[in-house]
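Dear colleague,

I am passing on the structure we discussed, and I would be grateful if you could look through it alongside the notes that follow.

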Amino acid sequence: MGRVVLVTGISRDIGRRFARAAAGDPSIERVIGVDVVPPRGDIGDVSFVRADIRNPVIAKVLAKEDVDTVVHMSVIATPGSAGGRGTMKELNVIGSMQLLAACQKSTTVDRLVVKSTTTVYGSSPRDPAMFTEDMGPKRLPSSGYAKDVYEIEGYVRGFARRRPDVDVTMIRAANVIGPHVSSPLTNYFRLPVVPRVLGFDPRLQFLHEDDLLRVLRHAAVTGIPGTFNVAGDGLLTLSQAVRRLGKPSIAMPRFAVGRLGATMRQARLSDFSPEQLGFLTYGRGVDTTRMRTQLGFEPAYSTAEAFADFCREMTSAPLEGVGRA
Amino acid sequence: MPEEARGEAVVIPIGTGGRPGRGTGKARPSSAARNLAPAAQKPAAKKPPAKKPAARRPTGGGPATEPRAEKVADAPPPRVGASGGGPATESGAEKVAHAPPMGGIPVSDWLAAAQGAAAEVFGDDWERRLAELMAFMRRRLEGDYEVDDYGFDRELTERFFMAALRPVAEKWFRLEVRGLENIPAEGGALVVSNHSGTVPLDGLMTMLAVHDHAHRFLRPLGADLVFKMPVVSSLARKSGATLACTEDAERMLSGGELVGVWPEGFKGIGKPFSERYKLQRFGRGGFVSAALRTGVPIIPLSVVGAEEIYPLVGNVPSLARLLGVPYIPITPFFPWLGPLGMVPLPSKWILEFGEPIRTDAYDASEAEDPMLVFNVTDQVRETIQHTLFDLLRERDGVFS
């Protein structure tokens, strides 16, 4: 008797690939993908259910399909694809709340995996070198993706408190990078000239896309409860990353980079949000001891290797994806 | 070609435009000789140092050797040993003599000059060291180096920061380091030092002293202002610093690093000159609880001499508030002499590492006992204060 896994956010590339990979796992019997719009690529054995997690229909899907594991990965980082900040917040926060409400009512669900991000820790000059799972952000995020994720994490904790019989795993993934990833950060690295904040050299940590898929599957299969930072070993500084990329970079004062980012956002060239500016100024590092000791997961790529894989794709198809933002 | 070029290395009569025998024997060439010297001679002398900015130039490297080179031209046994340039040959001297005086120096001579200068800058095995330098530059440009969790760039620190600080420490402040045996060869330890000097040069000098004499890297803990400031923040992380917070201190100490703290903080570094060598409050004792929790020894360090480098006689609190910095220093020289006022006074420094205060006898849970933490903090503070007084009594003068 394998598990029945419900995956949210399947229309996006990373969700679709995770669902496909999970469907191939022998201990998983069935994978159901849920999203408002159908996935663009091949979903293999995954059955797609068109449902909006923002309304209570999702509870019916859970009951009808006898879902016992929910993998929530539809939290989006940029308003670009959703159509605006308002819609993005609606999708992220209200969607998560509805999903959690449905899970709470469900009698079959006994495992919940939430894909969160290390962005919740924020970036500030007062940050410790490495964040552990017990630490919070030094200043509460006031807007954007970080705020959404922070609020979602709060609701997930509330859910875990109300349903102690459900194993809740929260995966705080570092910035995901890889040949197929289109995120604000990868789009930033795809710019022909990389703008940097003058006088700052942030530390960056990456997680390879394959490792993200593996860790979510690992969490869905093992069901070890808790919150875990997941990142590749080691760190790169931004200057180092740009040099490895072999691209020219230009250092500008912080306000100029912010202005440029806003302009590029208006021109739909890149999603350069204020929290990303903070990240590219002060950087961030997370401690992954618990990922090894408790979760028992070992990433296949280190930060440097993940970035090297990303660079390889860049050099083979240098302009592909530039306009994809 | 290299053989021949090396042979001629010594006879290049830089400064006489290729005519031997024009030297006056004085320290400075005659005006006639200076007029003869082609204007293009400078690049030859300057080129190799420009390749390695961090390299310490031999004292008076370029111009000072010119008069000697002139003399060499008519005296066949030249200063071969000093430059390592190879034996001089008569033919080389002749060739040079026949060359037209202005700009007619053969290419091989330029090469030889570059080679001789490279040997001058890098020493005898200059070829290997130049290759190393090129490899270093290539690694830097390709980003092919490692940083640790805190952003510490070991290679850059060793090859660049330390090399840049070393002449300041040795020639300007004439650092005298005592009590090196108190620094453990391995394992975590916490160096606690007094803080002074308006600009945290004492931290940099301590890092250099620990690196050069104890062969370990001191990992300083810095205030959050350090990490807020552009340039300073990235330099601080690259040289091994991290934020002074409990999490980082304990992480570093349990990782077996030698950590340096200056618990007086801005109160110590920005105190007026009249209060020199009077220790300020030692923070809230956070460094002691970090040491207690990780069970590492505390090594008190007393620095004498740093107080006098920029005597702080005044402050502009309103401007400091406006700029968001703790103080705007006024020294007898600083705003008045402009950039010249930023040159620190050449006081003589003494760094004395005291006997380690062991904390492994305490239980880790005793770090929660505020009374114990205060007592240990006071003990460290008293030790440093008394050592400071002893050292002050002992020293002859500020600048000697």
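Val70(A) has Leu112(A) in S5(A) as its bridge partner, within a parallel pairing in which four bridges connect S4(A) to strand S5 (residues 111-117) of chain A. Strands here are DSSP runs (E, at least two residues) and helices likewise (H or I, at least four), both numbered from the N terminus, and two strands pair if DSSP finds at least two bridges between them. Please keep in mind that this is a predicted model, in which local features need pLDDT of at least 70 and side-chain atom pairs count only at pLDDT 80 or more, while totals for chains, interfaces and linings use all residues. Residues are numbered from 1 along each chain as its sequence is written, and chains are lettered from A and ligands numbered from 1 in the order in which they are written.

The sheet of chain A is open and has seven strands in the order S3-S2-S1-S4-S5-S6-S11, with parallel pairing. Its edges are strand S3 (47-50) and strand S11 (226-230) of chain A, each of which has a single partner strand, so that one side of each is left without a neighbour in the sheet.

Chain B also holds an open sheet of seven strands, ordered S1-S9-S6-S2-S5-S3-S4, but here the pairing is mixed. Within chain B, strand S2 (residues 189-193) and strand S6 (residues 298-304) run parallel and are joined by four bridges, with Val191(B) standing opposite Ile299(B) in S6(B).

Two residues other than glycine deserve a look for their backbone angles, given that most residues other than glycine have a negative phi. Asp66(A), in the loop between helix H2 (57-64) and strand S4 (69-72) of chain A, has a positive phi near 55°; Asp66(A) counts as partly exposed because it has 14 C-beta neighbours inside 10 Å. Val231(B), in the loop between helix H11 (224-228) and helix H12 (232-238) of chain B, has a positive phi near 65°, and with 11 other C-beta atoms within 10 Å Val231(B) is exposed. The classes are buried for 20 or more other C-beta atoms within 10 Å, exposed for 12 or fewer, and partly exposed in between, with C-beta atoms placed from the backbone.

Finally, 17 residues of chain A are in contact with 21 residues of chain B, contact meaning that the C-beta atoms, placed from the backbone, lie within 7 Å. On the side of chain A that touches chain B, helix H8 (residues 238-245) of chain A gives the largest share, four residues.

Best regards

Key:
Contact = placed C-beta atoms within 7 Å.
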